[in-house]
Amino acid sequence: MTATMLRSRLESRWSSLKYLDDDSKLDLITMLTQSLKDSGNRKKISASEFYGIWGDDGMSDDEFVEALRAERKFNQEIVEI
């Protein structure tokens, strides 16, 4: 998302939030602050944790690709104009 798009979204949200009473705005600030504090506790996940996740089916890579291709179904009808 570009900075311009993000700014536009924020301005859109602000247009409705600016009319809240002061207590509601303070509650919102508290929630936003807490979300920032909580974001530091998120566990970072490495892509390597997913290596071999589908390896329990006993198929080789080539067999898996062939099975995927066999299951594909196309629903296109060619209509003459």
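This is a guided tour of a predicted model, moving from the whole chain to single side chains.

Before selecting anything, note that residues are numbered from 1 along each chain as its sequence is written. Because the model is predicted, local features need pLDDT of at least 70 and side-chain atom pairs count only at pLDDT 80 or more, while totals for chains, interfaces and linings use all residues, and side-chain values use heavy atoms, with hydrogens and water left out.

**The whole chain**

Begin with the protein chain as a cartoon, where three helices and zero strands are to be found, in the order α-α-α along the sequence; helices (H or I, at least four residues) and strands (E, at least two) are DSSP runs, numbered from the N terminus. Switch to the C-alpha trace, which spans about 60 × 50 × 20 Å along its principal axes. The radius of gyration of the protein chain is 25 Å, whereas a compact globule of 81 residues would have one near 12 Å; the value is taken over C-alpha atoms, and the globule rule is 2.2 Å times the number of residues to the power 0.38.

With the surface displayed, the accessible area of the protein chain comes to about 8,500 Å², of which 56% belongs to carbon and sulfur atoms (Shrake-Rupley method, 1.4 Å probe; for residues, only the protein chains shown count as cover). Buried residues make up 0% of the 81 residues, where buried means under 20% relative accessible area, exposed over 50%, and partly exposed in between (1.4 Å probe, protein chains only).

**Helix α1**

Select residues 3-17, helix α1, and show the side chains of Arg-7 and Glu-11, which lie four residues apart, about one turn of the helix. Arg-7 forms a salt bridge with Glu-11, their closest N and O atoms being 3.1 Å apart; the term requires a side-chain nitrogen of Lys or Arg within 4 Å of a carboxyl oxygen of Asp or Glu. Arg-7 is exposed at 53% relative accessibility, and Glu-11 is partly exposed at 45%.

Patches take residues with over 30% relative accessible area and no salt bridge, joining like charges within 9 Å and nonpolar side chains (Val, Leu, Ile, Met, Phe, Trp, Tyr) within 5 Å. Leu-6 belongs to helix α1 and is partly exposed, at 44% relative accessibility.

Arg-13, also placed in helix α1, is partly exposed at 48%. A distance drawn from its C-alpha atom to that of Leu-26, 13 residues away along the chain, reads 16 Å.

**Helix α2**

Move to Asp-21, Asp-22, Asp-23 and Asp-27, which gather in a surface patch of negative charge. Asp-23 sits in helix α2 (residues 22-39) and is exposed, with a relative accessible area of 55%.

**Helix α3**

Finally, select residues 61-71, helix α3, where Glu-66 and Arg-69 are three residues apart and so separated by about one helical turn. Their side chains meet in a salt bridge at 3.5 Å, N to O, and each partner is partly exposed, Glu-66 at 48% and Arg-69 at 48%. A search of the whole structure finds two salt bridges.

How values were computed
Lys and Arg count as positive and Asp and Glu as negative; His and the chain ends are not counted. The place of a charge is taken as NZ of Lys, CZ of Arg, CG of Asp or CD of Glu.
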